[in-house]
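Hello,

Here is the structure I promised to pass on. Please look it over first; my notes follow below.

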Amino acid sequence: MGGTFDPIHCGHLLAAEEARRELALDLVVFVPSGTPPHRSGACSASAEDRYAMTLLAIAGNDHFDISRAEIERGGVSYTADTLRAMRDVYEDAELFFITGADAVLEFGSWREPREILRLCTLVAVARPGYDYEDVERLGEELGGAVSLIKTSSLDISATGIRNRLADGRGAKYLTPGTVIDYIKKKNLYTALDGELR
Ligand code: ATP
Ligand code: MG
């Protein structure tokens with residue numbers, strides 16, 4: 001499961017757990033994205049802070065793990081590169097790429113789409129505000145290569161959390177307490193420019 005995780009929240013965690021349960025996956029690997037060198041405004045928190053928050057959030061779930069593949073690679077993160085890296089680490093594994101229903105709809109603009117479909121099954125998890133029908137249509141266009149998970153989902157976004165924190169409303173219950181403590185300690189998301197809201 002890739003993402004900026006800026007910050008990670010309960011919507012990500014529930015989506016990952018629901019996909020794992022529905023598809024009987026052995027492991028969900030969270031892959032925080034790298035920081036594009038020429039787009040410093042793309043993420044609010046640094047790659048290391050996003051990594052640290054993700055690590056805190058997944059603690060206690062034996063079926064969750066984290067990868068530094070995209071952070072170490074740096075620059076823009078391409079899913080095909082990440083899947084090849086996963087293939088090298090988990091040699092005999094069947095790979096699934098978990099996204100929310102919003103992210104999968106952008107598949108048309110991803111690099112090396114055919115290679116991605118060769119390497120993995122795309123998984124789209126329900127996300128409030130996004131239609132199943134659009135995802136089903138995409139799945140048909142791609143010859144059935146999208147597995148749609150229609151289960152409980154939470155109406156939480158990292159953008160919403162960044163806005164709440166910038167306004168001083170806090171993020172209690174939207175993300176684990178350990179992540180909130182980290183955000184407070186590192187003084188993250190206290191002031192945001194308009195672009196990140
Ligand atoms: P932002 O608001 O900054 O875009 P986000 O909440 O969308 O943040 P991302 O890091 O962009 O989080 O998302 C990583 C992946 O998790 C994407 O595939 C996205 O669709 C999925 N995702 C994020 N939030 C949810 C949610 N509440 N339910 C299901 N999937 C989600
Ligand atoms: Mg997003």
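Predicted model: local features only at pLDDT ≥ 70, side-chain atom pairs only at ≥ 80, totals over all residues.

Residues are numbered from 1 along each chain as its sequence is written, chains are lettered from A and ligands numbered from 1 in the order in which they are written, and side-chain values use heavy atoms, without hydrogens and water.

Helix 1 first. Helices are DSSP runs of H or I with at least four residues, strands runs of E with at least two, numbered from the N terminus. Just after helix 1, Ala24 has a positive phi of about 50 degrees.

Now ligand 1. The shell around it holds 21 residues, each with a heavy atom within 4 Å. His9, Asp102, Leu154, Ala158 and Thr159 come nearest. Helix 1 (10–23) and helix 8 (158–166) are among the elements that each supply at least two shell residues.

Polar contacts are pairs of N or O atoms within 3.5 Å. An N or O atom in the side chain of His12 lies 2.9 Å from a ligand 1 oxygen. A polar backbone atom of Gly100 is also 2.9 Å from an oxygen of ligand 1. For Thr4, a backbone N or O atom is 3.0 Å from a ligand 1 oxygen.

Best wishes

Technical notes: Polar contact = N/O pair within 3.5 Å; in protein donor to acceptor, adjacent residues only side chain to side chain.
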